[in-house]
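Good morning, and thank you for making the time. I would like to walk through one model with you, beginning with a loop and ending at the ligand.

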Amino acid sequence: MTPEQRKRIVARHSDSLLRHGHSPNALYWSTREIQELHFELLCDIGIQSGDSLLDVGCGFGDLKAYLARAGIEVDYQGVDLSPHLIEKGRTLYPAINLFEGDLFDFNPAPLSFDYVMLSGALNEPMKDGGAYARNVIRRMYESCRQGLAFNLLNAEHEWTANRFDLQSFLPQEMLAFCQGLGAQCRLHDDYLDNVFTLYLQR
Ligand SMILES: C[S@@+](CC[C@H](N)C(=O)[O-])C[C@H]1O[C@@H](n2cnc3c(N)ncnc32)[C@H](O)[C@@H]1O
């Protein structure tokens, strides 16, 4: 990621936080229901109380609060590029660990978390043919002991594919890439038109 791309992502979220405060809209989710639908799907990977979880592009850390409401208490670590979202998250949820930066700044050790999840954090265009996103996915997989779950925008959806300000991927191509990492993979692409979720298990 170039310094300009990093600055753009930080600025976009700083503006949206000023406009919306602690709300899914500040994270560019249309509604709380959509944000939580993604959480529900990610958690389908089988996370349970007592597991450790790394949430990449965590925003405020709302996934931790969602899990707690569902009665699942995890050892949570969030990572996000936006200092403003992280600062707000620390005031909302003082007990959770939030790190400012991207996955490579955080630099997790191999196999250091039971699960790694990512929701909505690889939608920013990088103009690199998806190379940064694939590097993030490879590194997330290397960091998990049990599994990885993430979502991406679906390039088969015409509206999404034509958005120059968003990055999208073909589900089957991304599935093949993930299978190439040696993971057991499951693709879920029939819940919303413009998004898909991938599950990678060891
Ligand atoms: C759509 S929001 C989702 C936030 C959170 N996952 C949720 O669902 O509540 C995307 C988040 O990813 C963060 N982000 C974008 N690119 C990132 C990157 N390369 N590394 C870390 N965080 C990133 C943004 O700052 C933003 O908080």
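Let us begin with Pro-110, which lies in the loop between α5 (103-106) and β4 (113-118). Helices here are DSSP runs of H or I with at least four residues, strands are runs of E with at least two, and both are numbered from the N terminus. This is a predicted model, in which local features need pLDDT of at least 70 and side-chain atom pairs count only at pLDDT 80 or more, while totals for chains, interfaces and linings use all residues. Residues are numbered from 1 along each chain as its sequence is written.

Pro-110 is exposed, because 10 other C-beta atoms lie within 10 Å; with C-beta atoms placed from the backbone, 12 or fewer such neighbours count as exposed, 20 or more as buried, and anything in between as partly exposed. Leaving aside neighbours within four places in sequence, Pro-110 is in contact with Glu-142 and Ser-143, contact being defined as C-beta atoms, placed from the backbone, within 7 Å.

The loop between α5 and β4 also holds Asn-107. Asn-107 has a positive phi of about 55° although it is not a glycine. Most residues other than glycine have a negative phi. Asn-107 is exposed, with 11 other C-beta atoms within 10 Å. A positive phi, of about 70°, is also found at Tyr-28, again not a glycine. Tyr-28 sits in the loop between α1 and α2 (32-43) and is partly exposed, with 15 other C-beta atoms within 10 Å.

How do α1 and α4 cross? The axes of α1 and helix α4 (residues 83-92) come within 8 Å and cross at roughly 45°. The axes are lines fitted to C-alpha atoms over the stretch in contact, and angles run from 0 to 180 degrees between N-to-C directions. The two helices, α1 and α4, are therefore oblique to each other: under 35 degrees would count as roughly parallel, over 145 as roughly antiparallel, 65 to 115 as roughly perpendicular, and the rest as oblique. Val-10, His-13, Ser-14 and Leu-17 of α1 meet Pro-83, His-84, Leu-85 and Lys-88 of α4 in this contact.

Turning to the strands, four of the five residues of β1 (residues 52-56) are buried, so this strand is largely enclosed by the rest of the structure.

Finally, 20 residues surround the ligand, the closest being Gly-57, Gly-59, Asp-102, Gly-120 and Ala-121; a residue belongs here if its C-beta atom, placed from the backbone, lies within 6 Å. The elements giving two or more residues to this shell are α1 (3-20) and β2 (75-80).

How values were computed: Contact = placed C-beta atoms within 7 Å.
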